[in-house]
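Subject: Structure handed over, with notes

Dear colleague,

I am passing on to you the structure we spoke about, and I would be glad if you could look through it with the notes below at your side.

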Amino acid sequence: MSTPVVELRGLVKRYGARRALAGIDLTLTENELVGVVGPDGAGKTTLLRSLVGLLEVTAERARVLGYDLTGDVTALKARVGYVAQTFSLHPDLSVLENLRFTARLHRLTAADWEARVPDLLARTGLAPFGDRPAGALSGGMRQKLAVANALLPVPDLLVLDEPTAGVDVVARHEIWTLLAAARARTLVVLATSYLDEAARCDRLLYLDTGRVVAFGTPHALQAQAGLVPYRAWGDDGRAIARAARALPYVRATRATRRYARVEVASAEAPASGGVLADLRALAGAPVRFAEALPVDMESTLLALSSGASA
Amino acid sequence: MSWRRLRTLVQREVRATFRDPFTVAVLITVPLAALLTFGFVLSTEVNELPLAVLDADDTPASRRLLADIDASDAFRVEPVRNRAELERGLVRGRTTAAVVIPPGFGRRAERSDGVRPPEVQLSYDGAEAVLAGNAEGALRALVGASGAALVGAGSAGGIALTTRALFNPTLDGRPFMVAGVFGFVLSFLTTLITAVTIVNERLTGTFDQLQVTPATAIEIVLGKLLPLGAVFSLDLLLMMVLAGIVLGVWPQGNVVVFLLVSMGYVFMSLALGLVISASSVTAAEAVQKTVMFSIPLVQLSGFAFPIRSMPTILQWLTEVFPATHYIRITRAIYIRAAALDTLLPELLWLAVFAALLAWLAVRTVEARA
Amino acid sequence: MSAPIIRVTGLTKRFGAFTAVDALDLSVPAGTIFAFLGANGSGKSTTIRMLIGLLRPTEGTIVVDDVDVVREPRRVRERIGYMGQKVSLYQGLTLHENVEFYGGLYGLEPRALAGRWRELAERFDLEAIDAKVEELPAAIRQRAGLAVSMLHRPRLLFLDEPTAGVDVRSRGLFWEVIQDEARRGVSVFVTTHFLEEVDCCDRVCFIDAGRVLADGTPDELRGSWEAAYRIEIEPAPGTQTRVAAMLAAHGLPVATEGTTLEVHLPLLEARELDALQAVLAAEPATRVRVDEVEMAEVFRRLTGGAAA
């Protein structure tokens with residue numbers, strides 16, 4: 001697909017005097033899984049809602065699926081799916097009734113229904129609960145229903161705002177599987193605060209105070225991170241962490257009982273051997289074994305959030 | 001009980017409350033405004049009341065009497081040429097009272113023997129019972145004063161005043177009130193419920209979810225209004241039947257017209273609720289706004305207090321409320337059995353309001369945050 | 001370990017026919033960080049509300065810091081600091097006004113309050129800030145919320161998802177502070193959705209459908225798997241046999257995968273760590289990597305296939 005699915009240049013959204021989005025530039029041309037990360041108040045929800053035409057925005061250029069976001073977005077709505085952070089389907093309608101409501105709004109045929117619904121129900125494990133009111137489902141089930149509901153009309157763009165927040169571990173995994181499979185036919189854009197989900201996106205968009213701070217594959221972002229994690233094992237992880245903070249090139253620490261994970265600014269630190277030696281030599285906190293860890297999402301996001309919120 | 005804690009709590013409440021301009025406005029200006037408004041409105045005095053007058057006698061005496069009446073503050077004389085015109089005026093509701101000076105008034109005034117005193121006939125719209133009663137009292141006083149001068153000192157009697165209530169002959173206040181209640185309930189409750197329901201939907205996110213589907217704004221508006229409208233229309237029917245069975249008040253005029261107009265009014269009020277919901281962030285705010293809107297509505301729509309007794313400025317203001325016109329129509333049908341053609345001005349007003357509110361409602365739903 | 005600061009037995013809460021919490025037993029040792037986990041709708045929030053006296057249990061006993069919460073719910077409020085999910089700072093007031101407000105509620109004298117706040121503001125990096133609450137960025141609001149909950153020096157802190165919606169750096173800072181408090185003897189009862197944070201705690205209790213699924217230290221929870229720790233050792237060419245022998249000599253079960261050696265352990269204790277260090281010291285060109293199974297994976301297996 002050569003025409004961009006999403007094309008944003010200088011996208012701005014104001015609420016009164018405040019700029020929730022202060023000039024977003026983003027171009028997405030193919031079906032993939034894009035993660036949007038960043039602290040609360042960064043503008044993630046605002047950006048996601050703008051993409052599906054829910055908000056009035058100004059921009060140099062703002063096109064989604066070829067439609068201008070600043071103009072008439074009615075036709076756009078038929079081709080997007082949206083899952084909000086809080087459950088916004090009808091709690092008093094059953095699972096099947098909710099799906100039927102969506103099918104009718106999108107004017108799906110009976111053939112469409114037969115082809116898609118049983119599969120969606122099977123993959124979400126909702127098949128045995130077809131007649132249960134949505135409000136009576138557990139949190140994880142509800143979110144799975146919301147995702148299935150959004151996928152039913154096979155949208156060209158699917159936008160999800162922290163769909164797995166607060167959902168139990170098993171359901172989170174199932175939702176992720178659904179989304180990963182959806183990316184064959186849909187551009188999936190989702191906001192998440194879970195590190196493991198961010199790591200599994202095709203590309204990540206890091207937002208802070210309404211601007212794009214970084215955009216690229218997790219791998220690329222990790223390479224540019226500037227922070228390298230080390231781990232120092234001992235008997236008192238917390239004491240090790242405290243001692244490690246005294247080292248000039250240590251930016252952050254996280255301690256468990258057993259170890260301290262130490263984030264080292266690669267620009268200022270000696271070579272890996274030197275860091276390990278320093279760690280083993282920490283005073284007041286015996287380190288039995290120290291190792292260098294591969295750069296991961298935790299270090300990457302830490303680096304980004306420190307840099308942005310300096 | 002800790003005084004320190006109490007003081008802390010009070011301090012916070014004061015700070016938080018007075019930082020919110022909306023709350024300050026409501027707390028201070030609304031009571032003051034209410035006092036002033038009600039002070040002017042709460043009056044059943046007779047003041048520049050349009051009085052239709054038919055001078056069938058046309059003698060110096062009758063003309064003198066009319067001049068006296070006209071000179072007073074209580075009435076504004078509107079001469080009519082014949083009885084038909086007089087009754088039409090009353091049925092239309094343009095005049096609340098009418099005076100007929102029958103032929104022979106002048107002659108009797110001269111001769112004045114106390115046995116056959118000069119007569120003046122007063123007809124009034126019994127629907128507005130309170131006002132009518134006060135009008136009668138005012139007229140009696142005037143006629144009495146005038147009569148004393150006209151008839152001559154020392155003679156017994158004076159001018160005899162016969163009165164007749166054209167509608168609602170028993171001067172029962174109930175039809176008046178019942179007809180008004182339709183207006184009140186269908187204005188206040190409908191608007192309130194719609195406003196609250198929709199605000200809650202915005203809060204839970206279901207409204208947003210609808211916005212992301214192919215459903216158009218018109219479809220969404222109708223989808224909301226039709227079911228609620230149906231329920232309230234049923235309410236309407238029940239209220240009408242109950243008023244008839246229990247209170248003995250049935251519409252004297254065309255029931256079908258009444259129901260149709262009322263249903264239209266219901267939809268208008270629902271649309272208004274939708275518009276109010278757009279400007280409210282919480283359900284509580286929606287309730288506050290609806291109530292603030294409805295209290296003046298009750299006072300100024302003629303539901304409880306006669307519009308004709310209000311200062312002229314307020315009388316003009318009341319014309320802006322759809323409720324005023326609806327209540328006029330309801331009363332006209334219920335009490336005066338008014339026909340469709342007499343109601344046209346009111347209906348036209350309502351149609352204009354309805355179109356305006358419908359347009360606003362659709363715009364509200366279409367509007368993006 | 002001293003007496004438990006929270007002791008719960010047979011705690012049950014029923015809403016009509018629905019049982020939200022089912023005969024829960026909990027024991028939180030004093031001076032520890034206790035993680036309480038569960039998905040939305042698992043009964044977690046209901047349990048917490050009962051623990052702090054906001055909700056009356058259907059059955060069971062709750063003793064918090066020697067106070068019988070069921071009989072005297074108000075008394076417990078003076079002993080604990082609470083930071084709820086919606087940060088409990090009042091909008092429309094500045095941060096300072098909030099501090100005055102809470103200080104007043106807890107009966108702190110103005111001078112003592114000022115001193116205590118100075119101390120906390122320094123620790124939480126809040127000193128220069130005095131904007132209205134709604135103008136503060138989320139991370140600062142979160143830290144301020146925690147600081148305010150500690151004004152009256154409670155011995156027990158209840159923190160309900162304190163790291164939700166906050167960036168990674170602030171999350172880290174938060175846990176530093178919490179661990180610091182624990183070192184000073186404060187007990188912390190915390191809930192979170194980020195399973196990796198469980199490792200920062202001393203004990204963890206996982207609740208699902210109103211019942212306890214797991215209760216122990218993070219190590220104990222991991223320890224139920226043979227391969228909780230997977231250590232990959234890549235010896236320099238030619239040193240494989242020597243390295244393998246050294247590891248075996250230290251008692252580590254070694255498996256060979258081509259040119260790499262693998263050790264699978266349920267627990268990583270001092271002995272194993274020393275062994276790895278010894279190997280590195282003797283053969284510096286060896287590459288060692290420890291892979292600890294993620295808490296998310298542990299819990300997934302625990303709850304695997306849970307009902308709707």
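This is a predicted model: local features need pLDDT of at least 70, side-chain atom pairs count only at pLDDT 80 or more; totals for chains, interfaces and linings use all residues.

I began with chains A and C, where 36 residues of chain A are in contact with 37 residues of chain C. On the chain A side, the elements that give two or more residues are α5 (139-151), α6 (169-182), α7 (195-199), β12 (250-255), β14 (287-292) and α11 (297-308), and the largest share, 5 residues, is supplied by α11(A). If you sort the residues on this side of chain A by class, you will find 15 nonpolar, 10 polar and 11 charged.

Turning to chain B, you will see that it is divided into domain 1 (49-167) and domain 2 (174-366), whose C-alpha centres lie 39 Å apart. The contact between these domains of chain B takes 10 residues from domain 1 and 11 residues from domain 2. On the side of domain 1 that touches domain 2, α4 (83-92) and α6 (129-151) of chain B each supply at least two residues, and the residues of that side comprise 6 nonpolar, 2 polar and 2 charged.

In chain C, 4 strands form an open sheet in the order β2-β1-β4-β5, with antiparallel pairing. Because β2 (18-29) and β5 (67-68) of chain C stand at the edges, each with a single partner strand, one side of each is left without a neighbour in the sheet. Strand β1 (residues 4-15) of chain C pairs with β2(C) over 8 bridges in the antiparallel sense, and Arg14(C) has Thr19(C) in β2(C) as its bridge partner. Helix α1 (residues 44-51) of chain C packs on this sheet, where it touches β1, β2 and β4 (59-64) of chain C, and its direction makes about 120° with that of β1(C).

Finally, helix α1 (residues 3-18) of chain B packs with helix α3 (residues 95-105) of chain C at an angle of about 155°, their axes being 8 Å apart. Angles over 145 degrees count as roughly antiparallel, and α1(B) and α3(C) are therefore roughly antiparallel to each other. The crossing in which α1(B) passes α3(C) is left-handed. Here Arg4(B), Arg5(B), Thr8(B), Arg12(B) and Arg15(B) in α1(B) meet Glu97(C), Phe101(C), Gly104(C) and Leu105(C) in α3(C), a contact that has 2 nonpolar, 2 polar and 5 charged residues.

With best wishes

Key:
Residues are numbered from 1 along each chain as its sequence is written. Chains are lettered from A and ligands numbered from 1 in the order in which they are written. Two residues are in contact if their C-beta atoms, placed from the backbone, lie within 7 Å. Ala, Val, Leu, Ile, Met, Phe, Trp, Tyr, Cys and Pro count as nonpolar, Asp, Glu, Lys and Arg as charged, and the others, Gly among them, as polar. Domain bounds come from an automatic or database domain assignment. Two strands pair if DSSP finds at least two bridges between them. Axes are lines fitted to C-alpha atoms, for helices over the stretch in contact, and angles run from 0 to 180 degrees between N-to-C directions. Angles under 35 degrees count as roughly parallel, over 145 as roughly antiparallel, 65 to 115 as roughly perpendicular and the rest as oblique. A crossing is left-handed if the near helix is turned anticlockwise from the far one by less than a right angle, and right-handed if clockwise.
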